Amino acid sequence: MSRDSAGRVVRSTVRPHVETHRRVPIRTFLRTADGVTIDSVYDPPPFVYDASRPPARDLVFVIAHGFTGDVDRPHVRRVVEAFTQYGAVVTFSFRGHGASGGRSTVGDREVLDLAAAVAWARELGHARVATIGFSMGGSVVLRHAALHRPDGSGRAGRTGAYTDAVVSVSAPARWYYRGTAPMRRVHWLVTRPAGRLVGRYGFRTRIHDRDWDPVPLSPVEAVPRIAPTPLLIVHGDRDGYFPLDHPRMLAAAAGDHAELWIEPMGHAEHAAGDELLGRIGDWAVTAGG
């Protein structure tokens, strides 16, 4: 304890920091219910943090990246770093992406990839899970929440593979949308042999060559089934892929249990700034409780 020249006690203005376990990521391969190996990474909360807002030790964020992303992409790692300020983070490469096995089905079987990651997050000891998806991953978190219910009423899935809060960023509301030039390019990439070659060698994304059969539950069909799990829908007013009728359609179908944020941004992870990611983190910490 120190005193000034008048003999008064001087209190330190330096905020204390609390040291926790080392931030050493754990990397492993998970196996999905249909036998695909999924490259996955667990990032614990930070080694030191601002004691005025410590991370929630029981909460883990499970991040579902967009099409052609993977766990090692810089824009995905930036999202991970943002959310480790609020809790632990699990991220993974969807099937057909990066070092994961299989081929991308562009949002259909990827629900099984997310279910495996959520189940692993709970096995690591976290009581609360918030799933956050971007673009294709945004559609996957919606369908996953509808199909893997905490009360067991969803379609058969892994025990513990349910979520406590859902955030969908820049997601489509309906399938087969071709109304913008970027989405027409995506459809060429997915449906044409030349496009799939570009996906494999240009984007490290191996795309399945078969059509959906049957057509999976669409995002707009999924959102009414998510309640009462808290749902946040985030979309950019300058999104070049999906115009604003998509988030509005999702919010209307979800009803009163969902929040809709229209933000001054473009599309998905690349457009989501640190301030927005921080607000999403705050929302998930509260809603996931």
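Below are questions and answers on a predicted model. Local features need pLDDT of at least 70 and side-chain atom pairs pLDDT 80 or more, while totals for chains, interfaces and linings use all residues. Residues are numbered from 1 along each chain as its sequence is written, and side-chain values use heavy atoms, without hydrogens and water.

Colleague: How are helix 4 and helix 5 oriented to each other?

Modeller: The axes of helix 4 and helix 5 (residues 193-203) come within 5 Å and cross at roughly 95°. Axes are lines fitted to C-alpha atoms over the stretch in contact, with angles from 0 to 180 degrees between N-to-C directions. Angles under 35 degrees count as roughly parallel, over 145 as roughly antiparallel, 65 to 115 as roughly perpendicular and the rest as oblique. Helix 4 and helix 5 are therefore roughly perpendicular.

Colleague: How far apart in space are G87 and L59, C-alpha to C-alpha?

Modeller: G87 lies in the loop between helix 1 (74-83) and strand 8 (88-92). With a relative accessible area of 0%, G87 is buried. G87 and L59 are 28 residues apart in sequence, and their C-alpha to C-alpha distance is 5.5 Å.

How values were computed: Helices (H or I, at least four residues) and strands (E, at least two) are DSSP runs, numbered from the N terminus. Buried means under 20% relative accessible area, exposed over 50%, partly exposed in between (1.4 Å probe, protein chains only).
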